[in-house]
Each structure stands twice: as structure tokens, then as C-alpha cells.
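The sequence and structure come first, and the description follows.

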Amino acid sequence: MAKLLINNEQTLSHINREIYGHFSEHLGRCIYEGLYVGENSDIPNVNGMRKDVVEALKEMQIPVLRWPGGCFADEYHWKDGIGPKESRKKMINTHWGGVVEDNSFGTHEFFELCRQLGCKTYINGNVGSGTVQEMSEWVEYMTFNGVSPMADLRKENGHEAPWTVDYFGVGNENWGCGGNMRPVHYGDLYRRYQTYVRNYDPKKPVSKICCGANSDDYHWTSEVMATCFDHAPEHMHGFMDGLSLHYYTLPETVDDWMVKGSATDFTEDIWYQTLKRGLKIEELVERHSAIMDQYDPEKKIGMIVDEWGIWTDVEPGTNPGFLYQQNTMRDALVAGLTLNIFNKHSDRVKMACIAQLINVLQSVILTEGDKMIKTPTYAVFHMYRHHQDAELLNSSLMDVDIIGTEDNEIPKISESVSVDKDGVITITLNNTSISEDEVVEIVLTKDAAKYQVCEARYVTGAMNAHNTFDEPENVVEQDFTCFEKTSDGLKVTLPKCSVVCLRLK
């Protein structure tokens, strides 16, 4: 029997709401059909935004949304996406499917979507094929409240007041699709471009995100940090507020190469192989953070894991450039494990965005015409929402079994624990076994007798269980009852292949 020891007198770090963020790119059916159907669509919408999707995302308490990419960001020219829609430029989306992008969803539409969602905004600027002037003018267009060419243009296009840009990414994946740059070169470009991302409203400063590494490219992190800190401003706040990290979990190995494989048809061995790869994010966070510590020991610069999740083969019969994949209990476990890790490292991880929101990669929602379904990953984010803006509690597992197959052994149980401003403790637990339940003894170090379970929810199913448009409720969040009170906490039976959330008050 595993034991979870919770020191409910010791908080360690603040869990930013933005750790539970999401990513939307002009890719496949994420924006068009997923989020935006246009004002004249028969699908119920408000100013073109799907009502069913917006309501589901609000229920999930989406905290921040990243846009317009992704690789698309570094070929996106924002002026093509403003003004009357009939006169907006069309372009070929060369990265994703070779389809026509008509720019009907642009800056105004993005801010309208975020207004409806009630979430913060994360804009990614174009360094790869854009100019300093273009980026500077976009920030002016969005945030300047006064008389200027770009502010006047915004007003002409129907929005008198400026918007709030909470986060601004200075380029994306500039080591790859964003320009195939070397780290020192990008570091110098970051210094130059960020200078012109002006804070026009000191009360609403724009947090600037520097392009960080792909997976375990520690050389990139080291060189970019060294370049940015060489002759850096005395006070780095406002110069670099975050450094990004991208990591995708590719489930399978063929001839020593990591490959994607099917989203729904996989073996027990691939199940454990996938979860082991998902757990690698902890090593990446720790090692990149150690490099950042050399320059920023006080951890004022946040690690921004703004692309993460499972990447599998597309569903048969769909456009391979649209990255449309199904979502199973395997995705739910990767989400649960990853979010527990981010919580545990919330002293450095300040924002994360799973890729991607709808109809692309590890989505929380899938749509087909006027139909919408929630995925197992949605259930995890919905349960974990209680960690947002809470304080991480010191917690640790003991006597945890190691399970798996051959080279793919992993801990059977994963956890993280937080306490909110009202004193409610949230415990999230994962059972990674596809064959065995697990009893966990939960021990609180103080006043255990006074706590009662005020809410308990879980999601479970066979390892490849998933929802379809014909069967939309194969995998759903349910009430959890497999626990009993003890003198020093709880005894909980975690079902096999499950993600569980317990709340104590």
C-alpha cells in the first residue's frame, strides 16, 4: 500500500493559473470550425465564436490562450487580418496542409474570443519573417491609448479602446520553423525585437517571452541566456519575463527512432513507453531550470512550457497537415502526470499551454459540424482547475510500486497537492497501471480529524477508451466514492488507469 504524506502546514510555491493554459494555432480545424464559425453560420455563435465551445471552455476555467502560433506565427503578418473581411489578404498556409488562409480570424477576433472566455491573452510575434517595425506597430495597434497612426487605425477598424496583451512571445521555435537560427543569433535578435515591444500602459505591462529550447537542447538555453544577459539591463524585469520550452511526447520507438503511432490502437508496452516519455518533462524542467538559475537564481524569469502533449498519427482519412488525432485515457494520464509535475515545479514553471485546444494534437474538445465532444483530457483539466492560483503544499509518496514492461518502468502513482485561499486542500492522483487498482493511505500532518471530503471526482476507462460523435460519453468525469476516513487522513482506492481529484475542507 502506497502512502501519501501531506504537510498541510508547509506551502512551497504559488501555482499560477496560467500553468493550465492552452494554445490555438491557424492549423487544421482549430481556429476555423473549432473556435470560429463566422457570424453567418447556422451553428449557434456570438460574434462568430461557437457558443458550445466557449461555454465548455469557460466551465473548464481556461486561464490564458496563445495565438496565432506555432510555426504559423513566424509567417503571419498581422495587418492582413484587420479591416473589412472581404478585403483581407488571402494566403497559403504553407506549414499546415497547404490550404487557403483567408484571415477572417485576426487580431480583433482573437481579443473578442478572449473577452468571451474571460481569459488572459498570449500573442506570439513574427521574428522569422517579420520586421522590428511590424512587431512594434502591432503592439502599438493593440495597446496604445492615445493619438498615433496604429491607435487611429484600430479605432477606424471599430475598436476605440486598447486591449490588454498579457504575454507577448518574441518569435516561436526560432531554432526550427521560426528561422533555423543559431542560439546566439536568436539571442541578439530577441534583445533587439523586445526593445520595441513597448509598455504603453505601465499599469498593464506586457510580459515578454523569449524563445527557449526544443526538448533537451540545453545548449540553446545556455547560449540564449548568456547572450541575453551579456551587457543586459541592470533590472531584467521587463526585458525577459519568461523563457519557453517545447516538448512533445511521441509514443513509440521503431528501430531506435521515436515515432508517433496510432492514437487509439496501441499495446500495453506502448502504453508504458508513452507514459515514461511523458514523465521526461520533469527532467527537462529541472535541467533547463538549473541553467536558468545561473543567471536568475531568484527565479524571476518564468519557464513557459507553451507547447506540450502527445503527438500521434492523424486519424485515418484526414488531411495529414491538419494534425487531427483522437484522445484516449492514455492522453488523460499524460495530462495528469504532466500537470502534477508542473505543480511540483511551480517555483519556476509559471505558464504552460497544451497543444492544441481543439481538433489538433492533444485537444480538450473535438468538433464535427454542429457537434462537439469533450475528450478525456478535458476531464483532467476540469478536475485540476482547483489548483489554479492555489499554494503548493509539501507532499511526498512512499512505498510506491514500480510497474511497466522491460525498459518502460514507471511509478504506479503520481500526485500533487495544493491549498486555496479558503483553506480547501486539492489532491490530484494518477494510477498509471492498466491492470491493478491501488490503495493509497493519505496522511495529513496536522488536524487531520477536522477535514472532510467536500468533493471527489475521477475519470477512468480502458487504456484506449475515447469519446466519439456517436458515443460522446464513453469517458466522462464522475463522482468518486472509493475512500474512507481514517484517524490521520484518508484511505483511498484508486481504480486502474485513472485520474482522481479529492478536495478536503
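Cys71 is buried, with a relative accessible area of 11%. The model in which this residue sits is a predicted one. Cys71 is joined by a disulfide to Cys177, with an S to S distance of 2.2 Å. A disulfide is a covalent bond between the sulfur atoms of two cysteines. The torsion about the S-S bond of Cys71 and Cys177 is about -90 degrees, so this disulfide is left-handed. Cys71 lies in the loop between strand E5 (64-67) and strand E6 (91-92), while Cys177 lies in the loop between strand E9 (167-170) and helix H5 (183-195), so the bond ties together parts that are 106 residues apart in sequence. Cys177 is partly exposed, at 27% relative accessible area. The count of disulfides comes to one.

Two further cysteines can be set against the cut-off for a disulfide, which is a pair of cysteine sulfur atoms within 2.5 Å. The sulfur of Cys30 has its closest cysteine sulfur in Cys353, 12 Å away, which is too far for a bond. For Cys454 the closest cysteine sulfur is that of Cys501, at 9.2 Å, and this too is too far for a bond. The accessibility of the cysteines described here is listed below.

| Residue | Relative accessible area | Class |
|---|---|---|
| Cys71 | 11% | buried |
| Cys177 | 27% | partly exposed |
| Cys30 | 0% | buried |
| Cys454 | 44% | partly exposed |

The other topic is helix packing. Helix H6 (residues 218-229) packs against helix H7 (residues 268-295) at an angle of about 20 degrees, and their axes are 10 Å apart. That angle makes H6 roughly parallel to H7. The crossing of H6 past H7 is right-handed. On the H6 side the contact is made by Tyr218, Thr221, Ser222, Met225, Ala226 and Phe229, and on the H7 side by Glu283, Leu284, Arg287, His288, Ile291, Met292 and Tyr295. Eight residues of the contact of H6 with H7 are nonpolar, three are polar and two are charged.

Helix H8 (residues 329-344) and helix H9 (residues 376-384) cross at roughly 30 degrees, with axes that come within 7 Å. H8 and H9 are therefore roughly parallel to each other, and their crossing is right-handed. From H8, the residues Met329, Asp331, Ala332, Ala335, Gly336, Leu339 and Asn340 meet Pro376, Thr377, Val380, Phe381 and Tyr384 of H9. The contact of H8 with H9 is made up of eight nonpolar, three polar and one charged residues.

Notes:
Residues numbered from 1 in each chain as written. Predicted model: local features only at pLDDT ≥ 70, side-chain atom pairs only at ≥ 80, totals over all residues. Heavy atoms only, no water. Axes fitted to C-alpha atoms, helices over the stretch in contact; angles between N-to-C directions. Helix = DSSP H or I, 4+ residues; strand = E, 2+ residues; numbered from the N terminus. Parallel < 35°, antiparallel > 145°, perpendicular 65-115°, else oblique. Left-handed = near helix turned anticlockwise from the far one by under 90°. Contact = heavy atoms within 4.5 Å. Nonpolar A, V, L, I, M, F, W, Y, C, P; charged D, E, K, R; others polar. Buried < 20%, exposed > 50% of the residue type's maximum accessible area, 1.4 Å probe, protein only.
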